[in-house]
Amino acid sequence: MIANSVKAPVTRTESYNPSPALIQIRDLIYKTAGIFHSNNRLRLLEERCQKRVQALGVRSLRDYYDCLTNKAMSRGELTSLLNEITIGETCFFRNQPQLDGIRHIVLPRVMEAKSRLCMRHLRIWSAGCSTGEEPYTLAIILLEESKSRLKGWTFEVVATDLNERSLSVAEAGTYGEYSVRNTDVHLREKYFHFQNSQLQINPEVKAKVRFNRVNLSDEAAMKALHDVDIIFCCNVLIYFDVASKQRVIRYFHSSLHGHGYLVLGHAESLFGISDQFQLVHLPSSTAYVRHETSTAEKEALDHGM
Amino acid sequence: MACDPNLLRKLQSARELPTLPAVLMPLLRYLERPLDSQDMHEIVKLIAKDESLAARCLQIANSPLFSCSREVESIQAAVVALGLERIHQIAVSCSFLKLLPSMSDVSPSVFWAHSLGCALVAREFATRIGFPDPGKAYAAGLLHDVGIIALLSTAPEEFAKSLRLARSERMALHEAEQKELGIDHEEAGKIIAQVWHLPSDIREVIAHHHTPEKAAESHALVSIVGFSDLLCRLNGIGYGFTEEHQTNFAEEPAFSSLAGQFAALQPFDLARFTFETEGVLEEVRAVVTQVYGTVQ
């Protein structure tokens, strides 16, 4: 008989049985915010819910689910929970498979489409850029490509956020070590320098990013952003209600070129929100491609409107 | 490139192919039954027939990942401790291990993880869209890549070359096989499936999972496995490397043809299904790590 002698401190995935209330919360978050927690992330979701359970002083996840569905407090509480979920997520090179997919698959496709239009300039938009890690990451990736794939091309990263404090942090471009925990050492050395024991982004990267304060619901401001090739909008739409999401998606659709891409955060979905974009799969990530004619537009055309 | 006639002869000669472990087919037939009609005693009897398989199941039941409060000493106790579902997976994994020859530059665990992942995703997808026989989808998912076993056994060097080509070009393995061998694992699988007398619907899955439009009879089953295969490869449970392409399932024959047959696919939340798959594949890694030590 094989003895059960070694008891290594291994995570016992088998013994974790999520409660029905947690599953209900998971489904509610997906339905209202559009972000999904797969089974391997449920434990993490539970920890985050427990923080809110404590903050509210409710007795159980079951009671917490009631708070999330109680009309009077649901929207505010959902926002608090989403803040818990996204807390500490921001860093340079946050989602490597997604960035690899953009760099090696999306970028060549966009460039091919652009070449057909005889254009050799790329415009990437980081919508909801927070403290700047995402747009600077994108600028670094494009700078890395500028001697090979992007030779002879120009590019810019437009970065917008509603929060002025976030924008001023972003414009300062000064970060702690924790922000670059996912960044390759050689990229760290190449694009950052130390200043007062903080990491300062190099002027070469800064020069490629243009920050603006934009409210995604502001039609005029959104319409001013056009000819965009790729929009990154990560962990932003989750805070919007369905009608606002749909409005923002419509603006994104008109801001993008015909070949344009919309990239959302990990496990974010547009299902049931819009048919103006079509889901595509990249290795270990997903993105949305612009649909030339949406069903709504087509119906309008069919009816001679 | 055309296929070397010697390789074809080798593939067609049953002597050159590995024999199917005796316990595997009864296990798979058993798996095809609906979960609620599965009987613990039958699976205990099946596993006990194969001593090395029984020992491995006990070892895994007692491993830290599944560690139970007290030592599991019998197969019956292992089934109780791990559950029928997990015992199936371990038993089929262990008997498959015997089929996969060891390779110099790739661990057999990679192929097994892909097959098990594909089986689980196929069963879930089949259930979700209302395909009448999800157990069949599971078995077909497990076996869809047996052509790789056939190629590994008859042309190990050349197969390793195609794997290297696929890895360096980040292309689909079956395309690299065509370039290096003049034959791919669909065609090789068709041959080994005949030698092994596998059921005709599973034979069709093996022969056409990359080209479901060619399936003559079991079109839905072939498409379900074809879709699941692609989704696993896109989600990091492929053949140990990343295939560099963008996939729009709405334009994939495996998916679009199913959409015409199953009302549940109109519309279908493919984004959510993809995110759910990440959780399933995480579990696959855990099981395979227990059986093989690692997924490389």
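Two residues are in contact here if their C-beta atoms, placed from the backbone, lie within 7 Å. Keep that cut-off in mind for what follows. The model is predicted.

Start with chain B. An automatic or database assignment divides chain B into domain 1 (5-16 + 101-292) and domain 2 (21-98). The C-alpha centres of domain 1 and domain 2 of chain B lie 24 Å apart. Where they meet, 13 residues of domain 1 of chain B are in contact with 15 residues of domain 2 of chain B. On the domain 1 side, the elements that give two or more residues are α7 (108-129), α8 (134-143) and α16 (270-292) of chain B. That side holds ten nonpolar residues, two polar ones and one charged one.

Now look at the nonpolar cores. The largest has 96 residues. Within this core, B:Cys57, B:Ala78, B:Ala122 and B:Ile224 touch the most other members. Helix α7 of chain B supplies the largest share, 13 residues. Both domains of chain B take part: the core draws at least three residues from each of domain 1 and domain 2. A second, separate core has 75 residues. Its members include A:Ala127, A:Ala159 and A:Ile230, and also B:Ala271.

Leaving aside neighbours within four places in sequence, B:Cys57 is in contact with B:Ile47, B:Ile75, B:Ala78, B:Ile87, B:Ile90 and B:Ala91. An α-helix has 3.6 residues a turn, so residues three or four places apart point the same way.

Turn to chain A. Chain A contains twelve helices and ten strands. Its radius of gyration is 22 Å, close to the 19 Å that the globule rule gives for 305 residues, so chain A is as compact as a globular protein of that length. Along the principal axes, the C-alpha atoms of chain A fill a box of roughly 65 × 60 × 50 Å. Buried residues make up 36% of the 305 residues in chain A. Take the contacts in chain A between residues at least 6 apart in sequence: 74% of them join residues at least 24 apart.

Chain A also has two assigned domains. Domain 1 of chain A covers 13-86, and domain 2 of chain A covers 96-297. Their C-alpha centres lie 29 Å apart. The contact takes seven residues from domain 1 of chain A and nine residues from domain 2 of chain A. On the domain 1 side, helix α4 (residues 74-86) of chain A gives the most, with three residues. By class, that side has four nonpolar, three polar and no charged residues.

Next comes an open sheet in chain A. Three strands lie in the order β3-β5-β4, with antiparallel pairing. The edge strands are β3 (174-175) and β4 (192-195) of chain A, each pairing on one side only. Strands β3 and β5 (residues 198-201) of chain A pair over two bridges. In these, A:Thr174 has A:Gln200 as its bridge partner, and A:Tyr175 has A:Leu199. Strands β4 and β5 of chain A pair over four bridges. Here A:His193 stands opposite A:Gln200. Strands β4 and β5 of chain A form a hairpin with two residues between them. In the turn, A:Asn196 has a positive phi of about 50°.

Finish at a loop residue. A:Leu270 lies in the loop between β8 (256-264) and β9 (277-282) of chain A. Is A:Leu270 buried or exposed? The cut-off for a buried residue is 20 or more other C-beta atoms within 10 Å. A:Leu270 has 21 other C-beta atoms within 10 Å, so A:Leu270 is buried. Not counting residues up to four places away in sequence, A:Leu270 touches A:Gly34, A:Ile249, A:Phe277 and A:Tyr288. A:Leu122 stands apart from A:Leu270 by 148 residues in sequence and by 25 Å in space, C-alpha to C-alpha.

Methods
Residues numbered from 1 in each chain as written. Chains lettered and ligands numbered in written order. Predicted model: local features only at pLDDT ≥ 70, side-chain atom pairs only at ≥ 80, totals over all residues. Nonpolar A, V, L, I, M, F, W, Y, C, P; charged D, E, K, R; others polar. Pairing = 2+ DSSP bridges. Core = buried A, V, L, I, M, F, W, Y, C linked by C-beta atoms within 7 Å. Buried ≥ 20, exposed ≤ 12 C-beta atoms within 10 Å, placed from the backbone. Rg over C-alpha atoms; globule rule 2.2 N^0.38 Å.
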